[in-house]
Amino acid sequence: MCSFLWSLSEPLHHLHHKMGPYTITYFGVRGRCGAMRIMLADQGQEWKEILMDFADWTKGDLKASCVFGQLPKFEDGGLVLFQSNAILRHLGRNHDAYGKDGKEAARIDMMCDGVEDLRLKYGKMIYQEYDTGKDQYIKDLPNHLDKFEAVMAKNKTGFLVGDKPSFADYSLFEVLLNHLVLCSSCLDTSPSLKSFVEKMSARPKIKAFLGSDAYKKLPINGNGKQ
Ligand code: GTS
């Protein structure tokens, strides 16, 4: 369980972006919802956001109703899901972003789990050792990014697997955006990843979403570090 203080200047609960068949309930950060929001935007979906502030969360009623006692919560009609990567997989199935066959799906799963490993390392640095570990983290970063660079370069389509974006691409893209904020030169030795980020950023619906106030006003992480 993550423990941190929320430093939101205004209560953000029950702030609705768009009405749609999907509902995301989460805190007022990009955090573990960054990738799914980008994916939904790129897939042309509408969704409703319920942003909890920490004071409401600590009252405990919602927490008690969450399968693992944590957010995000994702609703697709009557289907209620927790675990951000399970949500991404569900969206991958719903929106044909999970490969063209079982073999591609397995490789997409593998890449998503690889992104998750990087996301966990990043989260540990941000939440537990930002002041003492940030420099070393940035030094070690090429070693982690090289793996994704090699897969991206080998596939040659501009995506991790197959010839169109899968949920693993959205997850990688979002993690890379966060790393570029941490260290703006971090992709300078990864040409395929750099081109991937540029092309994903230029997709019209992603470009509009990343430029929206709704996106820009949310901090990357709950403790304000980035
Ligand atoms: N593995 C989960 C996922 O991927 O969804 C982790 C979810 C998680 O850690 N949620 C945190 C939470 O609910 C918020 S965040 O780390 O995603 O920002 N924390 C509050 C609590 O009471 O645990």
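Trainee: How many residues does helix 7 have, and how far does helix 7 reach from its first C-alpha to its last?
Mentor: Helix 7 covers residues 167-182, which is 16 residues. Its end-to-end reach is 23 Å, close to the 22 Å expected at 1.5 Å a residue. Keep in mind that this is a predicted model.

Trainee: Let's step back. How many helices and strands does the protein have?
Mentor: There are 10 helices and four strands.

Trainee: In what order do the elements run from the N terminus?
Mentor: The order is β-α-β-α-α-β-β-α-α-α-α-α-α-α. As for the fold's overall size, the radius of gyration is 17 Å, close to the 17 Å from the globule rule for 226 residues, so the protein is as compact as a globular protein of that length.

Trainee: What does the C-alpha trace span along its principal axes?
Mentor: About 50 × 45 × 30 Å.

Trainee: And what share of the residues is buried?
Mentor: Buried residues make up 48% of the 226. Here is something on the contacts too. Take those with a separation of 6 or more: 70% of them join residues 24 or more positions apart.

Trainee: Show me a single residue. Where is Thr-25, and is Thr-25 buried or exposed?
Mentor: Thr-25 sits in strand 1, residues 22-27. Its relative accessibility is 4%, so Thr-25 counts as buried; the cut-off is under 20%.

Trainee: Which residues is Thr-25 in contact with, leaving aside neighbours within four places in sequence?
Mentor: Thr-25 is in contact with Ile-50, Met-52, Leu-62, Leu-71, Pro-72, Lys-73 and Glu-75.

Trainee: Now Lys-154. Which helix is it in, and is Lys-154 buried or exposed?
Mentor: Lys-154 is in helix 6, residues 130-155. Lys-154 counts as exposed because its relative accessibility is 69%.

Trainee: How far apart are Lys-154 and Ser-192?
Mentor: In sequence, 38 residues. In space, 9.4 Å from C-alpha to C-alpha.

Trainee: Switching to the surface. What is the accessible area, and how much of it belongs to carbon and sulfur atoms?
Mentor: The accessible surface comes to about 11200 Å², and 53% of that belongs to carbon and sulfur atoms.

Trainee: Last one. How many positive and negative charges are there, and how far apart are their mean positions?
Mentor: The protein has 30 positive and 28 negative charges. Their mean positions are 2 Å apart.

Technical notes
Residues are numbered from 1 along each chain as its sequence is written. This is a predicted model: local features need pLDDT of at least 70, side-chain atom pairs count only at pLDDT 80 or more; totals for chains, interfaces and linings use all residues. Side-chain values use heavy atoms; hydrogens and water are left out. Helices (H or I, at least four residues) and strands (E, at least two) are DSSP runs, numbered from the N terminus. The radius of gyration is taken over C-alpha atoms; the globule rule is 2.2 Å times the number of residues to the power 0.38. Buried means under 20% relative accessible area, exposed over 50%, partly exposed in between (1.4 Å probe, protein chains only). Contact means heavy atoms within 4.5 Å. Accessible areas come from the Shrake-Rupley method with a 1.4 Å probe; for residues, only the protein chains shown count as cover. Lys and Arg count as positive and Asp and Glu as negative; His and the chain ends are not counted. The place of a charge is taken as NZ of Lys, CZ of Arg, CG of Asp or CD of Glu. The expected span of a helix is 1.5 Å times one less than its number of residues.
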